[in-house]
Amino acid sequence: MFELIFFGMYAFVLLAAAVGVIASRNPVHSAMFLVLAFVTSAVLWLMLEAEFLGIVLVLVYVGAVMVLFLFVVMMLDINSDTLRQGFLTYAPIGIIVAVVAVAQIWSVVWLRDQGLPAAARIEPAAADFSNTAELGAVLYTEYVYPFELAAFVLLLAIVAAIVLTMRKRPNLKQQDISKQVAVKRADRVRIVKMDAERD
């Protein structure tokens with residue numbers, strides 16, 4: 001009973017935060033509402049006994065992505081009047097997407113109440129069950145090669161991004177470390193002797 005009450009409370013906060021993201025006129029306020037939505041989603045994951053997903057949601061999205069996004073929004077000079085002009089233009093598409101999302105969620109809830117074997121309710125795990133340990137055991141045994149392949153693809157993307165940004169341009173000033181190290185004092189400093197003068 002208490003779980004349903006808390007779930008309803010957090011679900012209401014999540015919906016209110018999601019509405020605040022799209023309804024707020026200030027981009028910084030929208031980013032803060034999105035942080036609240038992520039944290040509330042993490043709490044719901046914890047209630048569903050998926051603590052690993054909840055912790056990753058807080059650490060990755062709230063701790064890294066949203067902080068970076070918030071700094072970008074605060075540093076850029078965003079004209080809020082220009083953003084509000086296209087609100088009514090994209091409103092029909094947004095309504096269609098919202099209706100489809102609600103229909104999908106309702107279909108999942110309806111299927112779970114039909115008693116189908118594929119949609120049967122999952123029994124609660126034991127008290128000593130570790131979601132993180134089970135995910136790690138599966139990830140590093142059955143899916144170790146796809147995991148390594150994904151890591152290689154991410155590393156390749158990082159190297160490609162560095163190569164694309166560090167290419168030579170005609171008007172780009174670059175440092176030559178070997179020339180800087182080989183410079184001697186006589187090449188840069190000239191000591192001039194002058195006689196002392198009185199004012």
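Tutor: Let's start with a term: a polar contact is a pair of N or O atoms within 3.5 Å, where one must be able to donate a hydrogen and the other to accept it. Keep in mind that this is a predicted model. Now look at serine 41: a polar atom of its side chain lies 2.8 Å from the backbone oxygen of alanine 37.

Student: Okay, and where does serine 41 lie?

Tutor: Serine 41 is part of helix 2. Leaving out residues up to four places away in sequence, serine 41 touches Leu14 and Leu57.

Student: Is serine 41 buried or exposed?

Tutor: Here you compare the relative accessible area with a cut-off, and buried means under 20%. Serine 41 comes out at 18%, so it counts as buried.

Student: Which backbone oxygen does the side chain of serine 30 reach?

Tutor: The one of valine 21, at 3.1 Å. Serine 30 sits in helix 2, which covers residues 27-47. With a relative accessible area of 13%, serine 30 is buried. Set aside its neighbours within four places in sequence, and serine 30 is in contact with Gly20, Val21 and Ser24.

Student: What about isoleucine 5: how does its accessibility count?

Tutor: Isoleucine 5 has 40% relative accessibility, so it counts as partly exposed. You'll find isoleucine 5 in helix 1, residues 2-23. It also belongs to a nonpolar surface patch with Phe2, Phe6, Met9 and Tyr10. Together, the patch residues have about 510 Å² of accessible area.

Student: Let's zoom out. How many helices and strands are there in the chain?

Tutor: Nine helices and zero strands.

Student: Which elements have the lowest and the highest mean pLDDT?

Tutor: As a general idea, where pLDDT is low, the predicted coordinates should not be read in detail. In this chain, helix 4 (residues 80-85) has the lowest mean among the elements, 59. Helix 7, residues 144-165, has the highest, 87. The chain as a whole averages 78, and 78% of the residues score at least 70.

How values were computed. Residues are numbered from 1 along each chain as its sequence is written. This is a predicted model: local features need pLDDT of at least 70, side-chain atom pairs count only at pLDDT 80 or more; totals for chains, interfaces and linings use all residues. Side-chain values use heavy atoms; hydrogens and water are left out. Patches are made of residues with over 30% relative accessible area and no salt bridge: like charges are joined within 9 Å, nonpolar side chains (Val, Leu, Ile, Met, Phe, Trp, Tyr) within 5 Å. Accessible areas come from the Shrake-Rupley method with a 1.4 Å probe; for residues, only the protein chains shown count as cover. A salt bridge is a side-chain nitrogen of Lys or Arg within 4 Å of a carboxyl oxygen of Asp or Glu. Helices (H or I, at least four residues) and strands (E, at least two) are DSSP runs, numbered from the N terminus. Buried means under 20% relative accessible area, exposed over 50%, partly exposed in between (1.4 Å probe, protein chains only). pLDDT is the predictor's confidence in each residue, from 0 to 100. Contact means heavy atoms within 4.5 Å.
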